[in-house]
Amino acid sequence: GEVFVAANEFRIREIKRDDPSILYSDNLFDVARERGWWSPSDGPLDWLRTVSLGEYNHPYYSLRRVWRVQSKLAPSLNLSPWVEDGYTRAYPFSVKPDEKLTVRDVMNLYRDHYEGTQFDMTEGVAAGPFGYPNRYYGPYDGQGDVGDPHRDLAGAWERPLSVAYCGYTFVNQARGWLPDPIGGICWFGPDKPAETCFVPFYVGVSGLPEAYSTCDTDHFSRESAWWAFNFVANWSALKYSYMHQDIKRLQDSIELGELEASKKVDERAGKLLGESREAARRYLTEFCTTNAQQVVSRWWEFSEELIVRYNDGYINSPGHMAGEVGYPKEWLKRTDYYNGPTTYKEPEK
């Protein structure tokens with residue numbers, strides 16, 4: 001009934017000796033004292049303070065995501081996105097959601113870019129004319145694990161839940177009322193959460209489809225599921241506010257269809273399991289493999305549709321090619337568009 005959130009920062013705090021609710025190494029306190037990280041006079045050992053600098057990379061790189069998920073799950077808590085420092089206790093270890101979550105609710109948590117908040121990464125100059133939420137890090141940004149959260153920074157991007165460099169996302173679903181081979185499902189989504197499509201793999205399968213067990217990021221391949229989703233995610237950068245809506249519609253169609261289909265799969269697999277465990281495994285494997293291959297094929301087909309639909313900056317459709325949409329007026333105001341060549345006279349200096 002509770003949800004725990006961790007985002008590149010330790011969430012465990014006080015560790016008390018002989019506390020039956022937590023496991024730790026026998027030499028934890030001795031090592032921490034010998035290293036000068038903690039002293040008994042400090043009181044209970046604060047794990048976060050003892051072994052880390054608190055916040056990771058830069059202020060709010062981690063805590064903003066903790067705030068976002070907890071706020072979406074339990075808005076009744078009225079949690080603030082602003083805290084005193086990286087060692088804050090403002091965010092509970094876990095929260096009870098105001099409403100029961102569905103599998104897709106959890107999937108969509110991973111797809112978040114702070115939409116609708118003051119940190120919305122689809123808004124502002126950095127998002128460009130078409131609301132692109134990805135930000136690319138460089139040598140001037142925080143230096144990861146070795147970063148000092150107290151150093152002066154020239155600037156920093158917000159770190160959303162869904163980032164372009166994410167390799168894959170999964171949601172594991174445990175349904176204890178069903179037999180183990182059927183009750184456990186791993187919903188797996190290659191590449192960036194916001195632009196992926198989750199597919200189910202039952203615990204009882206005996207193997208994975210080749211597209212989901214093949215990935216070489218050094219070589220583009222149409223045989224790899226990861227490349228299908230990675231290509232669409234990258235292509236969407238050209239006109240994100242338009243293409244993301246197309247992606248979302250296809251996500252909804254496929255994922256909702258899979259959830260509906262799983263009801264019949266559960267029933268069929270349950271009957272087979274009563275007859276033969278091996279027969280049930282074959283059935284689950286065949287379903288998961290066929291479904292996953294169909295999703296990957298559809299995504300490649302979809303990628304080609306996007307190439308044609310948004311070719312050369314237009315919005316194209318059968319019988320109506322080269323539909324001009326230009327740029328949003330508000331974005332044009334931020335550029336030198338209105339200072340462009342509107343007269344033959346030399347501009348006044």
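**Questions about a predicted model**

Colleague: Why does Ala-228 count as buried?

Modeller: Ala-228 has 0% relative accessibility. Buried means under 20% relative accessible area, exposed over 50%, partly exposed in between (1.4 Å probe, protein chains only). So Ala-228 counts as buried.

Colleague: What kind of model is this?

Modeller: This is a predicted model, where local features need pLDDT of at least 70 and side-chain atom pairs count only at pLDDT 80 or more, while totals for chains, interfaces and linings use all residues. Residues are numbered from 1 along each chain as its sequence is written, and side-chain values use heavy atoms, with hydrogens and water left out.

Colleague: What does Ala-228 touch, not counting residues up to four places away in sequence?

Modeller: Ala-228 touches Val-296, Trp-299 and Trp-300. Contact means heavy atoms within 4.5 Å. Ala-228 sits in helix α6 (residues 225–235). Helices (H or I, at least four residues) and strands (E, at least two) are DSSP runs, numbered from the N terminus. The protein has nine helices and nine strands.

Colleague: Why is Ser-262 called buried?

Modeller: Its relative accessible area is 9%, so Ser-262 is buried. Ser-262 belongs to helix α7 (residues 240–275).

Colleague: What makes a polar contact between Ser-262 and Leu-259?

Modeller: A polar atom of the Ser-262 side chain lies 2.6 Å from the backbone oxygen of Leu-259. A polar contact is a pair of N or O atoms within 3.5 Å; within protein, one must be able to donate a hydrogen and the other to accept it, and residues adjacent in sequence count only if both atoms are side-chain atoms. So this pair is a polar contact.

Colleague: What makes helix α3 mostly covered?

Modeller: In α3 (residues 63–73), 10 of the 11 residues are buried. Among them are Leu-63, Trp-67 and Leu-73. The cover includes β1 (3–4), β4 (94–95) and α4 (103–109).

Colleague: How many residues of the whole protein are buried, as a percentage?

Modeller: Of the 349 residues, 42% are buried.

Colleague: How do you know that β8 and β9 pair?

Modeller: Two strands pair if DSSP finds at least two bridges between them. Two bridges join β8 (residues 315–317) to β9 (residues 320–323), so they pair. The strands run antiparallel. Ser-317 stands opposite His-320 in β9.

Colleague: What lies between β8 and β9?

Modeller: Two residues lie between them, and the strands form a hairpin. In the turn, Gly-319 has a positive phi of about 85 degrees.
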